[in-house]
Amino acid sequence: MTDLTSMTIAEARAGLAKKSFTARELTDAHLAAIEAARALNAYVLETPDLAREMAAEADARIAKGEGGPLAGIPLGIKDLFATRDIRTTACSKILGNFIPPYESTITSQLWRDGAVLLGKLNNDEFAMGSSNETSCFGPVTNPWRREGSNTTLVPGGSSGGSASAVAAQLCMGATATDTGGSIRQPAAFTATVGIKPTYGRCSRWGIVAFASSLDQAGPIARDVRDTAILMRSMAGHDPKDTTSVDIAVPDYEAAVGKSVKGMKIGIPKEYRLDGMPAEIEKLWSDGAAWLKAAGAELVEVSLPHTKYALPAYYIVAPAEASSNLARYDGVRYGLREQAKNIIEMYENTRAEGFGAEVRRRVLIGTYVLSAGYYDAYYLRAQKVRTLIKKDFEDCFAKGVTAILTPATPSAAFGVGEKGDDPVEMYLNDIFTVTVNMAGLPGIAVPAGMDAQGLPLGLQLIGRAFDEETLFSLGGVIEQAAGRFTPPKWW
């Protein structure tokens, strides 16, 4: 039965249609795998009874020929997505045992299409982190290890539980969110595929907010095709989200395997950082060569404001976080600390409920929004953001179809290795934050291994609402690089 967990969504879909196995058998295989892999700490809440119920429903619908596009496919859901009557905490103590009376738009669309909920996945507290070490449920473990070493590695963040669970075959796919790289960086660290869609492509309604102008939900899956299948169900206009864009959702899966002949791929010179590891440089060259061999044309491009992206991001994101997290005060839901008066209750609840990284970002955000500093920091960061967006627009105006860059500056690092220096941790997002600042789509695809046997990923950045091209190009890289699975040790 365990080999049922090693299939892709596309393979499982075909097997279910042929009645080679049932959705119940597929779900049971994944529940057994989750039970055997608790050492990874990928799930913060398992829902086995509900999963079996949903699988039985999927089987009944498949038998009648009414199965949806995801009928019987077992998924994990990042704990940032509200799930009706199922605990949702954003992995923060401040939300306590919050049980939402509503369902996020994206998860409701997945259930509409027949998917099965296995449980809620671990993430950095309020999605603030690049390593999944800030969760109140403890860090997630990457299923990958350095060759000949037992060092526990991070899976990347904030969607570390999603990436770890997909890589370790504890679900067939997972929802994730990306504010500055939180889908693409964990995907690169775990040899999974993750896409951050264009801002406005997927509804944000019912997702715990971090930075509202940057947050975007997307899928993490085993391969490019699976990611495209999930994206089709997740995307779409939602009147409940005022930033959701009313554009028809194409058949993303049909784009996988399409020719990329004649596409112009930009290689941005600003991404060649001083001291960039030789293996990242080689990976980038290999990716460019694969695309060229597939008929794409490579051109050097310039994104001159790239160097300002990280500092501007770490002003805009904390400012929005400070505003969004003001609602967690101990009054209406979640944790409430005892106190003599209401001000003391706010202070005690927030001091006890928020972890160190969240407190740090709320303080930075409140500072940059305060009187006397708003113009000097926040307003200036917004102007830089406009320039970053313009850099990309100028490239695309010159006929560039997509841009190829590394996904991360290194492979996965050890738990606790970078926790002492927040700035060093923030530098992990150096290749990914520009995409959020510009609101563009970006996909991370596994492309090779480092000298220690750890996966490395490449990133493709596309034009707004042109995710289809990214799936076509990502398929070329995947075809050339092959797929990578971690050796099982847990």
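The following legends describe close-up views of a predicted model.

**Figure 1. The largest nonpolar core and its most connected residues.** The core comprises 150 residues, and those with the most contacts inside it are Phe126, Leu170, Phe392, Leu404 and Phe471. Helix α10, spanning residues 309-324, supplies the largest share of this core, with 10 residues. In soluble globular proteins, nonpolar side chains tend to be buried together.

**Figure 2. The surroundings of Phe471.** Phe471 is one of the residues with the most contacts inside the largest nonpolar core. Leaving aside residues up to four places away in sequence, Phe471 touches Ile195, Val224, Thr227, Ala228 and Met231, together with Tyr252, Ala255, Val256 and Ile443.

Figure 3. A polar atom of the Asp178 side chain lies 3.5 Å from the backbone nitrogen of Ser182. When residues up to four places away in sequence are not counted, Asp178 touches Ile183, Arg184, Lys196, Leu214, Asp215, Gln216 and Asn436.

**Figure 4. The largest cavity and its lining.** The structure holds three cavities of 30 Å³ or more, and the largest cavity has a volume of about 70 Å³. Its lining consists of 14 residues, of which Ala127, Gly129, Ser182, Tyr313 and Asp429 lie nearest the centre. By class, the lining of the largest cavity has five nonpolar, seven polar and two charged residues. Ser182, named here in the cavity lining, also provides the backbone nitrogen that lies 3.5 Å from a polar side-chain atom of Asp178.

**Figure 5. The largest pocket and the residues closest to its centre.** The volume of the largest pocket is about 500 Å³. The pocket is lined by 27 residues, of which Gly206, Ile207, Val208, Ala209 and Arg327 are the closest to its centre. The lining of the largest pocket divides into 14 nonpolar, eight polar and five charged residues.

**Figure 6. Glu424 in helix α14.** Glu424 belongs to helix α14, which runs over residues 422-426. With a relative accessible area of 33%, Glu424 is partly exposed, because this value falls between the limits of under 20% for buried and over 50% for exposed residues. The C-alpha atom of Glu424 is separated by 32 Å from that of Gly119, and the two residues are 305 residues apart along the chain.

Technical notes. Residues are numbered from 1 along each chain as its sequence is written. This is a predicted model: local features need pLDDT of at least 70, side-chain atom pairs count only at pLDDT 80 or more; totals for chains, interfaces and linings use all residues. Side-chain values use heavy atoms; hydrogens and water are left out. A nonpolar core is a set of buried Ala, Val, Leu, Ile, Met, Phe, Trp, Tyr and Cys residues joined through side-chain atoms within 4.5 Å. Buried means under 20% relative accessible area, exposed over 50%, partly exposed in between (1.4 Å probe, protein chains only). Helices (H or I, at least four residues) and strands (E, at least two) are DSSP runs, numbered from the N terminus. Contact means heavy atoms within 4.5 Å. On a 1 Å grid over the protein atoms alone, a cavity is a set of points where a 1.4 Å probe fits but cannot get out, and a pocket is an open set with protein on both sides within 12 Å along at least five of seven lines; lining residues have an atom within 4 Å of a point. Grid points are joined across faces, edges and corners, and a volume is the space filled by probe spheres set on the points. Ala, Val, Leu, Ile, Met, Phe, Trp, Tyr, Cys and Pro count as nonpolar, Asp, Glu, Lys and Arg as charged, and the others, Gly among them, as polar. A polar contact is a pair of N or O atoms within 3.5 Å; within protein, one must be able to donate a hydrogen and the other to accept it, and residues adjacent in sequence count only if both atoms are side-chain atoms.
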